[in-house]
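Subject: Structure for you to look at

Dear colleague,

Please find below the structure that I promised to pass on, together with its sequence.

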Amino acid sequence: MAATPAQSAALANMPTQHVRANLGEPINRVPLSRETHVRLDLKNRRFDDLNANQATFVDCDFSYSIFERAYFRGATFEGCRFVGCRFYDSSLRGASFHVCDFKYATFHRTLLEPKEILAVLPLEPNLKRDSLQNLRANAAEIGDYGSQRLFVLAEVDAATDHLSRALKGSEDYYRRKYPGVIDKTVAAVGLARLKLGGWVWGHGERPFRMIRSAAILVLVMTFVNMWSIVPRVGWDTTRSGLEVLRYSVDLLLDASPDGRFKGFLFIDYALIAMRYVYIGLFISVLSKSVSHR
């Protein structure tokens, strides 16, 4: 209901401190700052507006608890369990974790230290991969794109380890989950895709690999073309193969290559296909870089 003119005038005439005292509701933060807490059983609890700035927790169990707007800046955790915990709008900046368990824990709009969290993720590659997917999404939510890159690369490593174990089937879990030829074939295809993506362009997070892979492919194709060109024009005409290399580079860049050094037709098609593939990859990396600024 809108205030009447009389009420508005009365409010305007109130002392400033009185108005401030009646605006909003005070937040009741539970203070645990700069204290040491040992072997506390805090499972299945909800922590709202918890203030544990620079506190120390030893052998405490927070499993399946929910933290909302919790403040753990500079806190230290030793041998603590956070299994299945959920963190919302919290701060773990400057916090350190030693031999802690974060299986199935999730983070949402939470500030944290990437290296500290990476060190305490589950050892199981499938669980680690799932945790890193959540951490990557959390980093995007708070605009921490530097950390997002670390999580993406760690997620790829975890996924590669997971698929490698699926192919080997040396553990009971993977023997049960990937028992047949079709399951292993799917795992092999996924693993090959990850390996290829890492080698070609570092999954978009290591642009230098794109330059390296393009250079290696051009050199290989140039060497293959030598078998067709040298017998036809002679070694001296190719200037020790440099003209053949120049032809490959010019064709890749669509820069009017010298037709005298044209080799196998399938190599030409491969170089033209490379041109468009690498242009697409370059645009993808560039757009990601620009969108993160």
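Which residues are linked in a network of salt bridges? They are Arg46, Asp48, Asp49, Glu68 and Arg69, where a salt bridge is a side-chain nitrogen of Lys or Arg within 4 Å of a carboxyl oxygen of Asp or Glu.

Before going further, please keep in mind that this is a predicted model, in which local features need pLDDT of at least 70 and side-chain atom pairs count only at pLDDT 80 or more, while totals for chains, interfaces and linings use all residues. Residues are numbered from 1 along each chain as its sequence is written, and side-chain values use heavy atoms, with hydrogens and water left out.

Salt bridges

Side chains of opposite charge can pair when their charged atoms come close. The structure holds 19 salt bridges, and one of them joins the side chains of Arg81 and Asp101, at 3.5 Å from N to O. Arg81 lies in the loop between β7 (76-78) and β8, whereas Asp101 lies in the loop between β9 (96-98) and β10, so this pair ties together parts that are 20 residues apart in sequence. Helices (H or I, at least four residues) and strands (E, at least two) are DSSP runs, numbered from the N terminus.

Another salt bridge is formed by Arg176 and Asp172, whose closest N and O atoms are 2.9 Å apart. These two residues are separated by about one helical turn, because they are four residues apart in helix α6 (residues 172-177). Arg176 is exposed, with a relative accessible area of 57%, while Asp172, at 44%, counts as partly exposed; here buried means under 20% relative accessible area, exposed over 50%, and partly exposed in between (1.4 Å probe, protein chains only).

Glu243 forms a salt bridge with Arg239, with 2.8 Å between the closest N and O atoms, and Glu243 counts as buried at 11% relative accessibility. In helix α9 (residues 242-252), the buried residues include Glu243, Val244, Tyr247 and Leu251. Just after α9, Asp254 takes a positive phi of about 55 degrees.

The sheet

Four strands make an open sheet in the order β3-β6-β8-β10, with parallel pairing, two strands being paired if DSSP finds at least two bridges between them. The edges are taken by β3 (46-48) and β10 (106-108), each of which has a single partner strand, so one side of each is left without a neighbour in the sheet. Strand β8 (residues 86-88) pairs with β10 in the parallel sense over three bridges, and the bridge partner of Phe87 in β10 is Phe107.

Arg45 has its place in the loop between β2 (36-38) and β3, and it is partly exposed, with a relative accessible area of 43%. Leaving aside neighbours within four places in sequence, Arg45 is in contact (heavy atoms within 4.5 Å) with Tyr64, Ser65 and Ile66. The C-alpha atoms of Arg45 and Ile66 are separated by 6.4 Å, although the two residues are 21 apart along the chain.

Helix α10

Ile279 lies in helix α10 (residues 265-291) and is partly exposed, with a relative accessible area of 41%.
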